[in-house]
Amino acid sequence: MAQPDTKKIFFENLSGAGKAIAVLTSGGDAQGMNAAVRAVVRMGLYVGAKVYFIHEGYQGMVDGGENIKEATWESVSSMLQVGGTVIGSARCKEFRSHEGRLKAAHNLVQQGITNLCVIGGDGSLTGANLFREEWSGLLGELVDQGLIEADAVQKYSALHIVGMVGSIDNDFCGTDMTIGTDSALHRIIEVVDAIMTTAQSHQRTFVLEVMGRHCGYLALVSALACGADWVLIPEMPPEDGWEDKMCQKLSATRSRGTRLNIIIVAEGSIDRHGKPITSNYLKELVVKCLGFDTRVTILGHVQRGGTPSAFDRILASRMGVEAVLALLETTANTPACVVSLCGNQSVRLPLMECVQMTQEVQKAMDEKRFEEAVKLRGRSFENNLKTYKLLAHRKPESELPTSNFNVAVLNVGAPAAGMNAAVRSAVRVGISEGHKMFAVSDGFEGFYKGQIKEIKWADVGGWTGQGGSLLGTKRTLPAKHVDKIAEQMRMHNINALLVVGGFEAFESLLQLYEARATYEELCIPMCMLPATISNNVPGTDLSIGADTALNAIVETCDRIKQSASGTKRRVFIIETMGGYCGYLASVGGLAAGADAAYIYEEPFDIRDLQANVEHLTEKMKTSIQRGLVLRNENSNENYTTDFIYQLYSEEGKGVFDSRKNVLGHMQQGGAPSPFDRNFGTKISAKAMQWVTKKLTETFRQGRVFANTEDSCCLLGMRRRALVFQPVVQLKEHTDFVHRIPKEQWWLKLRPLMKILAKYKTSYDVSDSGQLEHVVRNRPKESDASVAM
């Protein structure tokens with residue numbers, strides 16, 4: 001008989017009764033901090049704990065009084081979409097002194113607070129850990145001074161601390177992404193996209209200065225996302241003589257017919273001798289050496305502002321809930337931990353291990369050990385840098401390897417934002433590997449019609465920021481035309497295939513694999529990159545295009561909710577795309593603060609609908625003014641969007657009125673988000689390197705012959721790892737009737753949405769983070785940091 005899974009604890013077993021949790025934001029603000037505060041408050045209240053706000057960071061803790069206030073469920077309503085931090089943040093000199101920390105301890109004990117959730121950077125988290133270490137000594141001093149009773153020392157004997165990193169710079173080691181980084185990238189990319197149009201009109205060079213005094217993450221990733229000509233970061237100062245190389249690169253780009261140049265520089269950039277490289281210096285250099293019309297744009301605090309992106313809201317909500325779980329499970333001997341993200345998974349890491357690693361990066365930079373500094377930043381950062389170098393700097397023809405292999409790339413299925421970034425990356429990496437690259441127009445329909453032509457390095461310039469599919473894409477599957485496709489492969493001597501697309505691309509690869517027995521031309525390496533807004537492809541947690549669609553849903557929901565401000569109570573019923581896959585409705589619902597999300601994967605009946613209406617009616621009678629309900633387009637054939645709208649309208653009479661909105665194809669359009677640009681770019685580069693490896697392995701007696709399962713793969717992100725999986729092996733994990741995977745990781749996020757919307761529900765915490773240790777260099781295959 002199978003043993004029960006001891007790790008599978010349910011939420012009901014974790015009680016916060018009698019505990020007091022305080023949440024504060026400290027240091028520089030970051031978009032998404034409010035989502036984290038909201039999650040901590042609501043999760044804390046849900047488990048029966050008392051939750052307090054500490055306003056103005058550590059300054060509020062030292063000053064006490066009105067700065068420490070008890071939080072209610074309603075006090076965090078309507079803050080999910082607000083940038084910055086509504087509870088305030090301040091840098092506090094007083095807390096750095098022993099006297100300041102003594103005052104802070106006194107203020108916390110007065111409220112019975114022994115659990116702290118700190119949202120900030122490494123300085124804020126280091127301060128919190130010192131406070132924790134001194135805690136018992138501080139209580140002893142307070143007893144000696146007669147400020148607290150002697151029994152309080154026993155009652156409040158230990159201070160428990162959990163940190164979340166809120167920093168737009170992404171400069172904290174141990175986590176792939178910090179809260180606020182993705183939103184800051186959104187601000188930068190919005191500006192770059194806008195600048196590109198004016199730069200093109202006037203044939204200008206633009207120098208963009210972005211934040212990052214000690215960390216070049218924003219500069220590096222935005223350079224990857226917009227295909228910048230040159231990037232300068234503090235971790236990797238350019239070699240001596242870089243000025244001439246940069247000017248040669250800019251000049252060569254212009255000579256190929258490009259009308260603009262983009263240079264991105266982090267504010268803390270230096271040369272090998274420690275001399276600052278400023279945006280003005282770069283401008284003067286370009287004007288002096290090349291005579292190009294050059295302008296400087298310093299983005300400054302724009303990067304900190306604006307509403308948080310969908311990614312940051314989801315990240316912060318997951319981290320906030322995880323932080324409360326960590327506080328409930330902590331004991332007097334548990335080290336202070338930081339809740340972080342590794343790939344697509346929550347992890348808990350010892351706070352001081354992360355802080356020490358972060359400080360080591362700065363030390364390596366100060367001692368000019370730049371290669372080591374890049375490695376210490378983590379595999380995500382290192383991978384970004386390698387990919388940028390690979391795509392931005394074209395080697396001379398004489399230095400390129402000559403493989404004599406022909407690789408075709410095509411898009412299949414519905415368009416998804418980020419497809420073009422993936423194609424650009426594939427073409428450029430392929431050329432760098434010595435292959436001849438061919439572009440196929442209009443998917444397999446274009447393939448069998450012979451719409452195949454060679455594509456060069458310069459042909460894909462400027463593709464990263466373009467939405468849709470520039471190659472053209474169709475849903476046509478290859479099975480009916482496999483003979484003509486094999487003939488075209490023979491005519492063009494195609495040695496490998498890279499397919500970028502959704503569920504149709506997955507089915508196409510299965511059909512081509514099965515046709516190998518009949519057509520030798522199909523015995524070549526084939527790789528698929530998942531690209532669909534529905535995120536319904538088996539073998540991957542994330543698909544190219546899904547993040548852009550989520551942002552479109554969240555932005556629209558924000559506007560729709562805002563339209564009801566100042567009016568009577570109103571509930572909005574929103575229909576999302578996704579086929580039978582409820583990813584967009586569920587994760588979009590979590591990011592937009594929805595009250596319910598109806599999906600096919602979680603069957604519902606009239607009793608569930610009635611319970612949701614009653615729940616909303618109760619909330620509306622208190623202080624909530626607006627309700628939001630999402631419905632996946634194919635969630636139920638009878639309970640349609642119209643039906644749900646009419647039901648809510650009827651049952652809510654006298655309490656709230658209802659409105660409905662079908663979002664439609666706006667979810668598929670628009671410029672790709674920074675996440676999708678980078679995800680597409682990096683997994684495509686990895687796929688092309690796999691293709692090269694397979695071509696080398698399968699080249700025998702003057703020809704390529706690959707007929708094994710592992711030569712026809714899908715490259716997907718699974719939890720922490722990027723994995724190549726044979727498509728044949730994924731068949732058994734797929735529901736082909738409804739075009740969805742049989743198991744979907746995001747279903748575990750649904751209880752989270754319900755809890756934050758005040759529903760009583762079970763929450764499986766078996767997947768919550770266990771305390772781990774910081775790993776300096778993760779094993780190669782676990783480079784899940786590709787996500788960003």
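## Basis

This is a predicted model: local features need pLDDT of at least 70, side-chain atom pairs count only at pLDDT 80 or more, and totals for chains, interfaces and linings use all residues. Residues are numbered from 1 along each chain as its sequence is written, and side-chain values use heavy atoms, without hydrogens and water.

## Cysteines

The whole structure has zero disulfides (a disulfide is a pair of cysteine sulfur atoms within 2.5 Å). For cysteine 557, the closest cysteine sulfur is in cysteine 581, 17 Å away and too far for a bond. Cysteine 557 is buried, at 0% relative accessibility (buried means under 20% relative accessible area, exposed over 50%, partly exposed in between, with a 1.4 Å probe and protein chains only).

Cysteine 342 is buried, with a relative accessible area of 4%.

## Largest pocket

The largest pocket holds about 930 Å³ of space. Its lining has 34 residues; Gly28, Arg91, Gly121, Asp122 and Gly123 are the closest to its centre. A pocket is an open set of points on a 1 Å grid over the protein atoms alone, where a 1.4 Å probe fits, with protein on both sides within 12 Å along at least five of seven lines; lining residues have an atom within 4 Å of a point. The volume is the space filled by probe spheres set on the points, which are joined across faces, edges and corners.

Helix 4 (122-144) and helix 11 (351-366) each supply at least two lining residues. Helix 4 gives the most, with six (helices are DSSP runs of H or I, at least four residues, numbered from the N terminus).
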